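Thanks for coming. I will go through one structure this morning and keep to the geometry. Please look at it first.

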Amino acid sequence: MTLNIFVQHFVNALSLGSLYGLISIGYTMVYGILRLINFAHGDIFMLGAYFVFFATIVYKLNWILGVIIAIAATTICGLLVDRIAYRPLRQAPRISALISAIGVSFFIENFAVVVFTGMPRPVVQPKILMKPIILPNKVRLIPLGILVPVVAFILVAALLWLLYKTKPGLAMRAISFDIETTRMLGVDVNKIIALAFGLGSALAAVAGILWALRYPRVEPFMGMTPGIKAFIAAVFGGIGSIPGAMIGGIILGFVEIMSVAFFPNLSGYKDAFAFFLLIVILLFKPTGILGSKIEDKI
Amino acid sequence: MRKIFAAVLLIAMLCSCAYADDGVIKIGVFNCLTGQNALGGQLELEGTQLAHKLMPEISGKKVELIIVDNKSDKVEAANAVTRLIENDKVCAIIGTFGSSLAMAGGEVAEKAKIPVVGTSCTNPLVTLGKKYYFRVCFIDPYQGAGAATYALRKLNFKRAATLIDVASDYSVGLGTFFKTAFEKMGGEIVAELKYNSGDQDFTAQLTELITKNPDIVFLPAYFAEGAIVLKQANELGAEFKFIGADAMDNPEIVTLGGDSVEGFMHTTFAYDPSMKDMNPTAKQFTEEWRKVHPDKDPNALAAVGYDAYVMLKDAIERAGSAEPEKIRDALEQTKDLPTVTGITTINVTHDAEKDMGIVEIRDGKKVFIGTVIPEN
């Protein structure tokens, strides 16, 4: 493999990996706080993509306005999901909330089929993001490919700042430690959890929008595969850890792209490579790359 | 007494089941006239009806078409065939659009030993192991051979690659046929890349393809994925051409892929009203269609609906009888039959071997660019 081809693969992998990372942050945030695997996350992501599609293509708003509306609408959906499907189950066994999450996921997917129809719809990409930049050695880069990792890293930084430097962030970390004690200390726990869900959904919306731009079509089941991949990325990185989710996503992107690059004859098995790596990592480090050991509370 | 009564009843039933030759040949049509496949089924039915209108008699006997809707539903398809056989006592059946419906109906016909001529059901499983199911269309994988022949013989491309969805029978089958045919004709397969249904990122496979520098890449994908592949290939600056099959035959491919689908080719049935050098059967079909439906163009689905009737008529004439068993035997012997969609020969697996059409997307529109006789 020549150097320029390798660089091309590297660029592709970074762009795919940051998208996975961006989705997995939402998983990891909710898990970190509630110990709930929000299986509906991939579908919230799909809603984000649809909202931006409707705002910019059907209603012909400009892109910036469209993106803001899409993020806002998706956030509202995320909050509704929390209010309707998770909050009443706060005191129930954790498995009930998990089943509720799976139910919500199916509900959103099938609701989308009814409302949006199952037909994939094209997303028109803004020309400015698609004009290829040709680097030396014929490596091609599209501005969107750079935008994705940049947005992802900015959002990770912002999130870390929120978690470690602000009062709501402190409350979130406290809830993840012990909900009851945090409640007793006068924190409105439901509000803080709703904030976490809102943030997670907003991130899913950003990922959905970038995904729809990168792979320009929307359909009701588009969230399924990326959702599962992002979940893997979150476990890879150590579920509950935000930088871990980002790193996990990028590693997953690299494994997928590089397995095809180095073993083109086995390109049908790229998912098998990714899952194999997951098993290996978990065997040696059960808490993931950046995960901390979870001690059971007595 | 009861036993005798039951025996009499049974004999009576058996007699009524036997085909009564009263001067009318009853042919059943089961197709999807409502439901999700209604658009395709309706067109095929109109083709069959047109053929019946032009050729209302077979060997001097009047033909009666009995039409039943299978509602695009597998259970209804089986019911429809049961009804045709038990109530209407048809001697042969035509149908249907949609391979899963054909399979459901085929089971019933197989048990009752009534021959069926399939219209556009292209899945290999429809006729697999069936004694009584035939079809007037080619099977899916055969299109791989068609694409290979066109790429090598007409476009003179010697280096080809394939990009296959390993999770889809359709894609794998076509890919295998393409490879075998292309190599047999002396071409070289320089790369065989794969992906999984549901994948949305193909950049790794495409980058790999670019390094292998093929002339053409065979892409037997569904349109939704195929359009994204073409789009990403364009972004990565791929210079080779792509050729696909009928699963890419959807107008949505242009809306999804935009400029990137320009120059994309795919195989299809060998009929299009815009085609040059039409065969005489196709010419007649086109003219007659326009008389009956002045407001809409004929298309390939209507053509196979028409051809199914032509094939059945030919078999009944050669059989010299309307007995289901004899029709079946004659159908098996169908050879070099002129139909709208090319010269049809039925092979050992009961599938048609015939010409194939090639379509290219130019200025966002499908243009019929020619036909090819697949070598395999």
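Let me start with helix α5 of chain B, residues 142–154, which lies across β7 (159–165), β9 (216–218), β10 (241–244), β11 (265–269), β15 and β16 of chain B. α5 of chain B runs at about 85 degrees to β16(B). Some terms: helices (H or I, at least four residues) and strands (E, at least two) are DSSP runs, numbered from the N terminus. Axes are lines fitted to C-alpha atoms, for helices over the stretch in contact, and angles run from 0 to 180 degrees between N-to-C directions. Two residues are in contact if their C-beta atoms, placed from the backbone, lie within 7 Å.

Before I go on, this is a predicted model, in which local features need pLDDT of at least 70 and side-chain atom pairs count only at pLDDT 80 or more, while totals for chains, interfaces and linings use all residues. Residues are numbered from 1 along each chain as its sequence is written, with chains lettered from A and ligands numbered from 1 in the order in which they are written.

Now the sheet. Seven strands of chain B form an open sheet with mixed pairing, in the order β8-β7-β9-β10-β11-β15-β16; two strands pair if DSSP finds at least two bridges between them. Its edge strands, each pairing on one side only, are β8 (188–195) and β16 (365–372) of chain B. From one strand to the next, the twist averages 25 degrees. β15 of chain B, residues 356–362, pairs with β16(B) in the antiparallel sense over seven bridges. Within that pairing, Arg362(B) has Lys365(B) of β16(B) as its bridge partner.

Chain B as a whole has twelve helices and 16 strands. Its radius of gyration, taken over C-alpha atoms, is 22 Å, close to the 21 Å that the globule rule gives for 376 residues, so chain B is as compact as a globular protein of that length. The rule is 2.2 Å times the number of residues to the power 0.38.

Two backbone details in chain B. A cis peptide bond joins Gly95(B) and Thr96(B), with omega about 15 degrees; Thr96(B) sits in the loop between β4 (92–94) and α4 (99–112) of chain B. Lys113(B) is not a glycine, yet has a positive phi of about 60 degrees.

Next, where do the chains meet? On chain B, 24 residues are in contact with 22 residues of chain A. The largest share of chain B's side, six residues, comes from α7(B). That side divides into nine nonpolar, nine polar and six charged residues. Here Ala, Val, Leu, Ile, Met, Phe, Trp, Tyr, Cys and Pro count as nonpolar, Asp, Glu, Lys and Arg as charged, and the others, Gly among them, as polar.

Helix α1 of chain A, residues 3–34, packs with helix α7 of chain B, residues 203–212, at about 165 degrees, their axes 10 Å apart. That makes α1(A) roughly antiparallel to α7(B). For such labels, angles under 35 degrees count as roughly parallel, over 145 as roughly antiparallel, 65 to 115 as roughly perpendicular and the rest as oblique. The contact uses Ile5(A), Gln8(A), His9(A) and Asn12(A) from α1(A), and Thr203(B), Ala204(B), Thr207(B) and Thr211(B) from α7(B). By type, the residues of this contact are two nonpolar, six polar and no charged.
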